[in-house]
Amino acid sequence: MSREPIRADSVILSAKTGEIFHIEFQTTAQSKIPLPLRMLDYYVGLKRLHLTNPIRQVLIVLKATGEKVVDEYRDEHTHHAYTVVRMWEQDAKALMKFGGLLPLAALCRTESGESLLSELASRIGMLKSSQQRRETLTFSQVLAGLRYNKNIVYGILKESDMLEESSVYQDILQKGVKRGLVQGEQNIVLRLLTRKLGRLSPKIHRQIESLSSKQLEKMSDELLDFKTKADLIAWLDKNSSTH
């Protein structure tokens, strides 16, 4: 949501409860437009658009600066309150239960930053999706950089240490290599067929993309014998169900 000249960091509508969650992230309590006024401004804007929806506002302060963080706006006739979360006061273990909150755990309270980052690296390495691991690692490095020296961050939160020793990662990597090889074979076969027979229909594309590596190898050996698209369709009808 845009309330010029300011823009909200995150506005989420819960389809289940109808609640609207407005979240602002700050590294400092200082702001050109005072934070309490900004929060009120956003609340009014959201309420105009969603009169019947409850609005939950949270200000997440990422970095301890010694500044007082105000959790309300007050003037002569107006009072508006919102929730303030100071990340350096939060329990890291609570956040580490949820994959999407792992990067924020780097900013939680701890007696040893290195121990916290090591545990965070371990938790990221347990994520099953390789894309989620990469994204979570990047976000964690960025947020950890607000608090720790970059040498410590990169020394602990590094992909090789987290993933290469993981049997899950190795399995995903091998599957990815195989998938890449099959896709390469598909592209070559499709290019050859297109040059020989002309533009292929989406249905034929889908049939070829569903072929196994062995089937693609067989087709690459026999496609030079195809004279027309009818020959290709006949081959697919005969061979696409075989393995």
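In which sense do strand 3 and strand 4 pair, and over how many bridges? In this predicted model, strand 3 and strand 4 pair in the antiparallel sense, and four bridges join them.

**View 1. An open sheet of four strands, in the order 3-4-5-8.** The pairing within this sheet is mixed, and strands of a sheet in general pair through backbone hydrogen bonds, in either a parallel or an antiparallel way. Strand 3 (10-13) and strand 8 (83-86) stand at the edges, where each has a single partner strand, so one side of each is left without a neighbour in the sheet. From one strand to the next the twist averages 20°. For a closer look at the antiparallel pair formed by strand 3 and strand 4, the reader may find V11, whose bridge partner in strand 4 is H22.

**View 2. A salt bridge between R38 and E24.** The structure holds five salt bridges, and in this one the side chains of R38 and E24 meet at 2.9 Å, taken from N to O. R38 belongs to helix 1 (residues 35-49) and E24 to strand 4 (residues 20-26), so the pair ties together parts that lie 14 residues apart in sequence. Are these two residues, R38 and E24, buried or exposed? Both R38 and E24 are buried.

**View 3. A network of salt bridges that links K93, E119 and R123.** The side chains of K93 and E119 meet in a salt bridge of 3.7 Å, N to O, and this pair links distant parts of the chain, since K93 is in helix 2 and E119 is in helix 4, 26 residues apart. E119 also meets the side chain of R123 in a salt bridge, here at 3.5 Å, N to O. R123 and E119 both lie in helix 4, where four residues, or about one turn of the helix, separate them. K93 is exposed, with a relative accessible area of 53%, whereas E119 counts as partly exposed at 26% relative accessibility, and R123 is partly exposed with a relative accessible area of 27%.

**View 4. The largest nonpolar core, with 26 residues.** The residues with the most contacts inside this core are L62, M87, M96, L117, L120, A144 and L157. Helix 2 (92-95), helix 3 (102-105), helix 4 (113-125), helix 5 (130-144) and helix 6 (150-156) each supply at least two residues of the core, and helix 4 gives the most, with five residues. Which residues does M96 touch, if those up to four places away in sequence are not counted? M96 touches L102, A105, L116, E119, L120 and R123, and two of these, E119 and R123, also belong to the salt-bridge network of the previous view. Apart from this core lies another one, of 15 residues, among them L211, L216, F226 and W235.

**View 5. V70, in the loop between strand 5 (55-61) and strand 6 (72-74).** V70 is partly exposed, with a relative accessible area of 36%. When its neighbours within four places in sequence are left aside, V70 is in contact with P36, Y82 and V84. V70 and L59 are 11 residues apart in sequence, and their C-alpha atoms are 9.7 Å apart in space.

Notes
Residues are numbered from 1 along each chain as its sequence is written. This is a predicted model: local features need pLDDT of at least 70, side-chain atom pairs count only at pLDDT 80 or more; totals for chains, interfaces and linings use all residues. Side-chain values use heavy atoms; hydrogens and water are left out. A nonpolar core is a set of buried Ala, Val, Leu, Ile, Met, Phe, Trp, Tyr and Cys residues joined through side-chain atoms within 4.5 Å. Buried means under 20% relative accessible area, exposed over 50%, partly exposed in between (1.4 Å probe, protein chains only). Contact means heavy atoms within 4.5 Å. A salt bridge is a side-chain nitrogen of Lys or Arg within 4 Å of a carboxyl oxygen of Asp or Glu. Two strands pair if DSSP finds at least two bridges between them. Axes are lines fitted to C-alpha atoms, for helices over the stretch in contact, and angles run from 0 to 180 degrees between N-to-C directions.
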